[in-house]
Amino acid sequence: MKQLLFFFTPRLAKQLFIQESSLHLVFSLSTVVILQFICVYTTGMPLPDTFYCAQQIHIPPDLPDILKDFTKAAIRTQPKDLLQWCSAYFNALTKGECLPVKERLEMNVATQKTDTGLTPGLLKILHKQLSPNHTCSKKELEMKWKGLCLPMEQLEALLSLGSFDSKIIWMEFFALGCSSLGGSLMSSLKYACEILTNDEAGGPARIPFDTFVQLYTYLTHLEGDVPQDYTDNFLNRLQAQVNNQNGMIQVSNFYTSNRFGKVKKRAMED
């Protein structure tokens, strides 16, 4: 910390962050950004481009731990806009809310032809932030969405697809988010299980069957071309397995059986 003799401007900090991703530089830039935010939030004015000596800078004793946590969070989350994400991070930290931080580093998910911007890790953050109240406002969703540096065009498309009004039922929006990741109904449900499960990564990805039914019913309703008797038969077939799993469903119960079902149907047609 004593080596920090002057403050970078936010623009310079962002440029350096993009050019060099080493842990040492990220940690140094984290210091700059945090001090910038402290100044803005406490005085309402940005820091001037002034030189300071180490003795003039008072460092709170808990700042190194804050910096360490912030740096790890930034590396795991890899925000596209560092300064915008910083604002969301410290706002949430100040209010004691769920931080916009991924649990682990992940590769971006590309569906078919285009990269959606949304990833399972980012959708899981939104779920943690917005699911406790079951519903949220468009304004609140937009704020959390922007905090994760996600494209507003994608949010507008999802809101339009779901025909949401000012109040949004979170699990319905969550289902649409999974559909943007999966590309197909079964793939969407697979993502839903992997995001919602309490199992370790790579585990069976179990979730309550009631939650699965809610998501499946909503997505099939949106598709509009799935016969009701097919939906009922599909859920009834799963019920027998669920009864032996304490009311939980896992990915292998429906994702693998669905693939076999397609193979069987194709063989019958041939």
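Trainee: Which helix is C86 found in?

Mentor: Keep in mind that we're looking at a predicted model. Follow the chain to C86 and you land in a helix, namely α4.

Trainee: And is C86 buried or exposed?

Mentor: The cut-off you need is that buried means under 20% relative accessible area. C86 has 0% relative accessibility, so C86 counts as buried.

Trainee: How far apart are the C-alpha atoms of C86 and G147?

Mentor: Along the chain, C86 and G147 are 61 residues apart.

Trainee: While we're on cysteines, are C98 and C136 buried, partly exposed or exposed?

Mentor: Use the cut-offs again: buried is under 20%, exposed is over 50%, and partly exposed is in between. C136 has a relative accessible area of 1%, so C136 is buried. C98 sits at 29%, so C98 is partly exposed.

Trainee: How many disulfides does the structure hold?

Mentor: A disulfide is a covalent bond between the sulfur atoms of two cysteines. To count as one here, the two sulfur atoms must lie within 2.5 Å. The number of disulfides in this structure is 0.

Trainee: Back in α4 there's also Y89. What kind of aromatic pair do F70 and Y89 make?

Mentor: A pair of aromatic rings is described by the distance of the centres and the angle of the planes. For F70 and Y89 the centres are 5.5 Å apart and the planes stand at 75°. Planes over 60 degrees apart count as edge-to-face, so the F70 and Y89 pair is edge-to-face.

Trainee: Which helices does that pair tie together?

Mentor: Both partners are buried, F70 at 2% relative accessibility and Y89 at 2% as well. The two are 19 residues apart in sequence. F70 lies in α3 (residues 63-77) and Y89 in α4 (residues 82-95), so the pair ties together α3 and α4.

Trainee: What is the angle between the planes of Y89 and F90?

Mentor: Both Y89 and F90 are buried. Their rings form an edge-to-face pair, 5.0 Å centre to centre, and the angle between the planes is 80°.

Trainee: Now some helix packing. At what angle do α8 and α9 pack?

Mentor: Find α8 at residues 170-182 and α9 at residues 185-196. Their crossing is right-handed. The axes are 8 Å apart, and the angle is about 120°.

Trainee: How many of the residues in that contact are charged?

Mentor: On the α8 side you'll see M171, F174, C178, S179, L181 and G182, and on the α9 side S187, S188, Y191, A192, I195 and L196. They divide into 8 nonpolar and 4 polar, and the number of charged ones is none.

Trainee: K144 has a charged side chain. Is K144 buried or exposed?

Mentor: K144 is found in helix α6 (residues 138-147). Leaving aside neighbours within four places in sequence, K144 is in contact with E97, L126, Q129 and L130. Its relative accessibility is 12%, so K144 counts as buried.

Trainee: What is the phi of S163 near?

Mentor: S163 is in the loop between α7 and β4, and S163 is exposed, with a relative accessible area of 63%. Its phi is positive in a residue other than glycine, near 50°.

Trainee: Which loop holds N246?

Mentor: N246 also has a positive phi, near 55°. N246 is exposed, with a relative accessible area of 75%. Its place is in the loop between α11 (228-243) and β6 (248-249).

Trainee: G247 lies in the loop between α11 and β6 too. Which residues does G247 touch?

Mentor: G247 is partly exposed, at 35% relative accessible area. Its C-alpha atom is separated by 8.2 Å from that of D210, 37 residues apart along the chain. Not counting residues up to four places away in sequence, G247 touches I207, P208, F209 and V242.

Key. Residues numbered from 1 in each chain as written. Predicted model: local features only at pLDDT ≥ 70, side-chain atom pairs only at ≥ 80, totals over all residues. Heavy atoms only, no water. Axes fitted to C-alpha atoms, helices over the stretch in contact; angles between N-to-C directions. Helix = DSSP H or I, 4+ residues; strand = E, 2+ residues; numbered from the N terminus. Left-handed = near helix turned anticlockwise from the far one by under 90°. Contact = heavy atoms within 4.5 Å. Buried < 20%, exposed > 50% of the residue type's maximum accessible area, 1.4 Å probe, protein only. Phe/Tyr/Trp six-rings, centres within 6.5 Å; stacked < 30°, edge-to-face > 60°.
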